[in-house]
Amino acid sequence: MKLTPLDIRQKRFETALRGFSKREVEAFLELIAGEFEEVVKENIGLKEELKRTQLRLEQHLERERTLQETMVTAQRISEDMKGAAKKEAEIILADAEHQAEKIVHGAHQRLVQVVEDINELKRQRTQFESQVKSVVEAHQKLLETFSGRTFADKDYARVEDNVAYLTQKKAQSGE
């Protein structure tokens with residue numbers, strides 16, 4: 001059975017002939033009831049404070065759990081981001097290597113084309129030089145042919161002698 005300050009105040013004792021002084025017992029009971037009442041109030045206050053403290057503790061524990069989950073999530077996200085960045089870097093690198101290969105291949109193809117063009121130009125030059133040389137040789141032969149003594153040049157003196165002779169004869173006969 002729980003005892004309350006009211007129980008202490010309302011407690012009545014039987015009187016006996018030579019019993020305790022009624023006034024002293026009642027005063028003592030009142031004193032005990034007052035003290036007990038303070039203890040009960042303090043106990044109630046402590047229980048309420050304990051409830052508030054437990055509630056705050058639960059809130060703090062909940063916050064701690066949330067923070068731990070957040071940290072784990074942040075760490076996981078960080079690792080995922082690192083992995084994604086690494087994959088993206090690998091993709092970019094592979095793409096750059098592919099582009100470099102295309103550029104090198106294109107440059108090689110262009111080099112082959114330039115070498116072929118140079119060889120074609122050399123061939124055309126050789127052909128042109130040969131044609132020019134043939135033309136020069138043909139003209140040289142023509143020049144040699146015209147600069148050498150021709151039939152007309154050889155017989156010119158004889159023809160002149162004949163013309164002079166005939167002119168003289170004609171002059172003599174017509175005289």
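Over residues 43–70 the chain is 100% helix and 0% strand, with 39 Å between the C-alpha atoms at the two ends. The structure is a predicted model. For residues 111–138 the figures are 100% helix and 0% strand, and the end C-alpha atoms lie 40 Å apart. Both stretches carry the feature "coiled-coil region" in UniProt, where the entry is unreviewed. Such an annotation may be inferred rather than shown by experiment.

A search of the whole structure for salt bridges returned 5. Among them is the pair Glu62 and Arg65, whose side chains meet with an N to O distance of 2.3 Å. Glu62 and Arg65 are both part of helix α2, which covers residues 22–147. They are 3 residues apart, about one turn of the helix.

Arg65 also forms a salt bridge with Glu69, and here the closest N and O atoms are 2.5 Å apart. Arg65 and Glu69 both lie in helix α2, with a spacing of 4 residues, again about one turn of the helix. Through these contacts Glu62, Arg65 and Glu69 are linked in a network of salt bridges.

Glu62 counts as partly exposed because its relative accessibility is 39%, a value between the limits of 20% for buried and 50% for exposed. Arg65, at 37% relative accessibility, is likewise partly exposed. Glu69 has a relative accessibility of 41% and therefore counts as partly exposed.

A further salt bridge joins Arg123 to Glu120, the closest N and O atoms being 2.4 Å apart. Arg123 and Glu120 both belong to helix α2 and are separated by 3 residues, about one turn of the helix. With a relative accessible area of 44%, Arg123 is partly exposed. Glu120 has a relative accessibility of 32%, so this residue also counts as partly exposed.

The positions of these pairs can be set against the UniProt record. Glu62, Arg65 and Glu69, the residues of the network, fall within the annotated range 43–70. Glu120 and Arg123, which form a salt bridge with each other, fall within the annotated range 111–138.

Methods:
Residues are numbered from 1 along each chain as its sequence is written. This is a predicted model: local features need pLDDT of at least 70, side-chain atom pairs count only at pLDDT 80 or more; totals for chains, interfaces and linings use all residues. Side-chain values use heavy atoms; hydrogens and water are left out. A salt bridge is a side-chain nitrogen of Lys or Arg within 4 Å of a carboxyl oxygen of Asp or Glu. Buried means under 20% relative accessible area, exposed over 50%, partly exposed in between (1.4 Å probe, protein chains only).
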